[in-house]
Amino acid sequence: MATKSKRSASKTKNESTAEADGLLMAEEPEVKIEELPGVGPATAEKLREAGFDDLLAIAVMSPSELAEQAELGEAVAGKIIAGAKTMANIGGFVSGSALLDRRREVLKLSAKVQSIDDLLGGGFETQALVEVYGAFGSGKTQIGHQLAVNCTLPMSEGGLDGDIFYIDTEDTFRPERITQMARGLGLDPDAVLSRIHVARAYNSAHQILLVDEIKRLSRGMNVKLIIVDSLTSHFRAEYVGRGMLAERQQKLNRHLKELKQTADVNNAIVLVTNQVHSKPDAMWGDPTKPVGGHVLAHASTFRLYLRKAKGGRRIARLVDSPNLPDGECIYQVTEEGLRD
Ligand code: ADP
Ligand code: MG
């Protein structure tokens with residue numbers, strides 16, 4: 001049995017070949033986090049409680065992040081990370097620096113709408129967290145559905161030939177809509193639906209737990225897109241009033257980091273949807289701004305603001321991109337899906 005870290009490390013490159021060849025590190029010992037330097041039973045428990053039960057998950061962290069998330073000293077965290085990088089390397093399979101190399105492996109998922117792809121410099125990037133925000137009915141869920149369908153396309157057609165996880169917090173995922181969009185691209189709806197794994201999240205704690213479930217299930221899958229629709233609705237409903245603001249932001253921050261980390265390990269995209277403030281509000285602020293505050297603004301690599309325009313058209317505005325100019329594009333939502 002291969003270690004967890006070996007499996008998750010292997011899957012982005014060679015897993016299918018390795019599995020076909022029966023070479024999945026069958027003789028390698030299982031490396032537990034307790035074997036890392038500086039990790040005794042108490043520290044191991046802290047790491048596990050914070051979701052770090054996997055060498056790779058630790059190896060990709062920075063000391064300050066690991067210290068914060070697992071409630072450790074920064075020096076200790078640094079030592080543990082250094083150990084994880086070395087030990088994840090046993091067998092010459094993957095190292096922390098190989099993970100850094102993955103930045104060079106960024107892929108792009110096409111919206112199959114030229115104007116949107118142009119706005120994004122070619123499509124939605126893997127290893128990035130994309131936030132789609134806008135008012136009720138602005139088309140956030142439509143984007144989620146369309147990208148889920150597109151993700152199953154082969155690379156040659158702008159897809160990522162990948163599996164999709166969809167966390168649905170508002171009960172708005174509709175297989176019927178996927179079917180329409182799949183037909184719109186000439187795809188077999190059942191084949192598309194079989195690659196989209198949907199879970200309904202009943203509250204924010206459940207939503208957070210579902211990310212652990214994604215981490216567990218994604219080993220051995222080719223996960224390329226993780227959607228959380230909506231990221232903020234449960235948090236917004238549950239943490240009401242100024243007194244809960246700090247706790248809400250901490251939880252949201254942790255959740256976003258877990259999502260981003262899962263995206264990095266899988267070379268996948270995380271797409272989250274977010275509302276705008278419906279009215280001026282002391283806690284949530286400006287009615288034209290996305291909710292989630294600085295935590296979400298900071299975590300998002302790309303932010304898309306959606307709004308309706310005349311004649312059933314939609315406008316997407318790219319906001320605060322690290323490497324692309326701000327700009328807008330126009331598209332439509334049709335029965336077959338998003339179109340120019
Ligand atoms: P949000 O998630 O931002 O609240 P949605 O993504 O659910 O909004 O967008 C809903 C809108 O999408 C509808 O008002 C409608 O304009 C459009 N829409 C949904 N389904 C279809 C369809 N089958 N054909 C055409 N347009 C659709
Ligand atoms: Mg929606």
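Reader: Which residues does Y133 touch, leaving out those up to four places away in sequence?

Author: Y133 touches K140, N274, V276, P290, R303, L304, Y305, L306 and V319, where contact means heavy atoms within 4.5 Å. Please note that this is a predicted model, in which local features need pLDDT of at least 70 and side-chain atom pairs count only at pLDDT 80 or more, while totals for chains, interfaces and linings use all residues. Residues are numbered from 1 along each chain as its sequence is written, chains are lettered from A and ligands numbered from 1 in the order in which they are written, and side-chain values use heavy atoms, with hydrogens and water left out.

Reader: Is Y133 buried or exposed?

Author: Y133 counts as buried because its relative accessibility is 6%. Buried means under 20% relative accessible area, exposed over 50%, and partly exposed in between (1.4 Å probe, protein chains only).

Reader: And where does Y133 sit?

Author: Y133 belongs to strand β3, residues 129–134. Helices (H or I, at least four residues) and strands (E, at least two) are DSSP runs, numbered from the N terminus. The C-alpha atom of Y133 is separated by 5.4 Å from that of Q275, although the two residues are 142 residues apart along the chain.

Reader: What does S233 contact, beyond its neighbours within four places in sequence?

Author: S233 is in contact with T169, E170 and Q275, once those neighbours are left aside. S233 lies in helix α13, residues 233–238.

Reader: Why does S233 count as buried?

Author: S233 counts as buried because its relative accessible area is 13%.

Reader: Turning to pockets, how much space lies in the largest one?

Author: The largest pocket holds about 650 Å³ of space. On a 1 Å grid over the protein atoms alone, a pocket is an open set of points with protein on both sides within 12 Å along at least five of seven lines, whereas a cavity is a set of points where a 1.4 Å probe fits but cannot get out; lining residues have an atom within 4 Å of a point. Grid points are joined across faces, edges and corners, and a volume is the space filled by probe spheres set on the points.

Reader: What lines the largest pocket?

Author: Its lining has 26 residues, and V60, E65, K260, Q261 and D264 lie nearest the centre. Helix α14 gives the most to this lining, with seven residues. By class, the lining of the largest pocket has ten nonpolar, nine polar and seven charged residues. Here Ala, Val, Leu, Ile, Met, Phe, Trp, Tyr, Cys and Pro count as nonpolar, Asp, Glu, Lys and Arg as charged, and the others, Gly among them, as polar.

Reader: Which domains contribute to the lining of the largest pocket?

Author: Domain 1 (14–92) and domain 2 (100–339) each supply at least three residues of it; the domain bounds come from an automatic or database domain assignment.

Reader: What about α5: which of its residues are buried?

Author: L66, A67, Q69 and A70 are the buried residues of α5. They pack against α3 (41–49), α4 (55–59), α6 (74–87) and α14. Just after α5, E71 takes a positive phi of about 55°.

Reader: How much space lies in the second largest pocket?

Author: The second largest pocket has about 290 Å³ of space. It is lined by 16 residues, with F136, G137, K140, T141 and E170 the closest to its centre. Its lining comprises three nonpolar, ten polar and three charged residues.

Reader: How many residues are in the largest nonpolar core?

Author: The largest nonpolar core has 36 residues, and I116, F124, L225, L271 and Y331 have the most contacts inside it. Helix α9 supplies the largest share of this core, five residues. A nonpolar core is a set of buried Ala, Val, Leu, Ile, Met, Phe, Trp, Tyr and Cys residues joined through side-chain atoms within 4.5 Å.

Reader: Finally, how many cavities of 30 Å³ or more are there?

Author: A search of the whole structure finds two. The second largest cavity is lined by A111, I116, F124, I143, Q146, L147 and L338, which divide into six nonpolar, one polar and no charged residues.
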